Amino acid sequence: MVDVDKVLDEAGLHNPRVREYVQHWAEHTGAARIEVVSAADDARLVRESLDAGEILPAGEGLYYSRSYFKDTARSEERTIVATSRPEDKGVYNNWRHSDEIRPVVEGHMKGAMAGKTMYVIPYLMSPPGSPLEAYAAGVELTDHRTVVLHMIRMARVDVSFIENLADPDSFVRAVHVTGDLENLGQGTPDDKRYFVTVADERTILHFGSSYGGNALLGKIAHGLRQAAYDGWASGKFLAEQFMLLGITDKETGRVYHICGGFPSASGKTNLAMTLAPDALGDRYHVSFYGDDITWLWVDPEDGKLYGMNPEFGVFGVAKDTNELTNPTALDSIRADSHALFTNIAYNELTHEVWWEGRTKQAPADLTGWRDWKGELISERSPEQAGDPWAHPNSRFTTTLANVPNVAADFERPEGVAIDGIIFGGRTRDREPLVRAITDLAEGVYDGLTLGAEATFAAEGVDGQLRYDPMSMRPFMSYPEGPYAAHWLKIVGAASEQPIFAHVNWFQRDPEDGHFLWPGYRENLRALLWLMQLKNGEVKGRETAVGILPTEDELDLTGLDLPQHDLDRVLTIDVERWKQELDNRQAHLEQFPGLPEEIWAAHRRIVATLAEQPEQRVE
Ligand code: GTP
Ligand code: SPV
Ligand code: MN
């Protein structure tokens, strides 16, 4: 039996509630050893992981790991939000009564750390001193050392964060047990994985994975599901799967902050890290705040809407990251950045790494190259020749401070005032480049009806068209009706209203499928127009679904776009939109208690659309 008291004493961990929690789970899981971790332990933990072969060297101060091949993405089916209140059941939160599900997952965890070390990771999901700090502290317990290395990069990790809590009980209990990955029946009727957030007990119980959001519990389990529930229960804030960026206009000196939601693997990291297009770089500077989570609240003193990234790092999609699409991401994983790669391709002789889209062609000399499963590329059969070298959901993990254009004030505890909120996703038709929405209820309506193609960030849904409200579908923790009402309440309380917009970088030519808009760095042009509209510097063109830029308002300096493509991305296909509004009606009818303002916005758009002349570009 481990002497838990001795270990915690030595680590300077005195919070009595945390000690009870660690004691309880040490006993329950039967861990052989306990180790309390702080970020300062990183170098030692890296060495131990290298020695144990759990991670491999990937160049100077860079590391590589593989997860089990059936454990490479979030599982939405196995993710559950539990509470003791049946009225918390929503359409997307996969609600279960905590009395029913808790014993099941606890049963799987019983004795499951036998022979293993249980790492105790005290963390904070906010910059220290944030007005939301009371909701940000947590203690993850995990039996997986690579998960510890990820947590140190993705969250602020230090014992001090739980020692001085105003209420010693106000930390999230986040238990992660990997389980026997080879015998969990992933994706079968006998699936043993459970990813449960017991939201009204601020307890997270994840069993059966060591990958990403399934295992790094500070990130989406706490930072999104738990925080969204806390924000609603307290009536104080929103926690959304949003990126957050700043734009400085060097000519006027004005700074804008925009946050927004795109479903998983649909461009948040790329947009947040973007650089201005070369032709606009003299005038505009883009700064990075966050790529996956934003907490939003109104400051009672100045009445403004503020946003803050609770994370400490980036867990970014590797695919298609290269010098053209995302140069800052490449910079943030440079030598000695201590970045960690997962499930990309790895050369065991040269320690180089590669993923699809890193370069146009895969390395020509196959010597030493292994794919994400660890299999030699040179030994592939002809049938396997076309298989990707890297898993499509393979990722890099690096700290925010490594991002070259990180904002100077990215750790400002008060957050930054929000000027705009955008929604977007992979939509191959219908959605124009940008349509601005100036009314709060219409903005919230637009978020709730965000429809897009799902991606490989979750198992088994790639390519399916589905609604993903506010890009929160996989992270929703309470019912959609109250969620909409909470949005109206929080943002509605702001003295200065943000402008909303729907953006789409993914419209395609119906004939040959090419992207009509070049995307990536060019996307800034749509955001600049949006800020000009907010400032009253441009007027745009009113349509039923929002204000679109006219061609001459959009700054296209240095961009050579086929006129036909440009026409299409600046047009509303009225007939197509009429069908969409019928679908939206059915989508929204699923949500009991949806505020009347949202229905009124829907009816207004339906009525205006009926009047709008067709202007489709053939
Ligand atoms: P999560 O971390 O899963 O929440 O994803 P994310 O929303 O941060 O997505 P990310 O920025 O990592 O982008 C996912 C994929 O979309 C990458 O393969 C990108 O290369 C691609 N992508 C991002 N922006 C654009 C764009 O403007 N145009 C096109 N065509 N592809 C893009
Ligand atoms: C997502 O899937 O939206 C992610 C990655 O950001 S994960 O942390 O695995 O959820
Ligand atoms: Mn995400």
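**Close-up views of a predicted model**

**View 1. Strand β18 is covered on both faces.** Gly313, Phe315 and Val317 on one side of β18 and Val314 and Gly316 on the other are all buried (under 20% relative accessible area, with exposed meaning over 50% and partly exposed in between; 1.4 Å probe, protein chains only). Strands here are DSSP runs of E with at least two residues, and helices are runs of H or I with at least four, numbered from the N terminus. The model is predicted: local features need pLDDT of at least 70, side-chain atom pairs count only at pLDDT 80 or more, and totals for chains, interfaces and linings use all residues. Residues are numbered from 1 along each chain as its sequence is written, chains are lettered from A and ligands numbered from 1 in the order in which they are written, and side-chain values use heavy atoms, leaving out hydrogens and water.

**View 2. Strand β18 is joined to β23.** The two strands run antiparallel, with 5 bridges between β18 and β23 (residues 395-399); pairing requires at least two DSSP bridges. Phe315 stands opposite Thr397 of β23.

**View 3. Helix α15 has a buried side.** The buried residues of α15 include Trp577, Leu581 and Leu588. The buried residues of α15 pack against β26 (434-437), α11 (440-448), β28 (465-467) and α16 (596-611), where contact means heavy atoms within 4.5 Å. On the other side of α15, Asp582 and Glu589 are exposed.

**View 4. A manganese ion is coordinated by Gln241 and Asp292.** Gln241 (OE1) and Asp292 (OD) coordinate ligand 3 at 2.1 Å; donors are N, O and S atoms within 2.8 Å of the metal (3.2 Å for Na, K and Ca), and sites may look incomplete because water is not among the atoms. Both Gln241 and Asp292 are buried.
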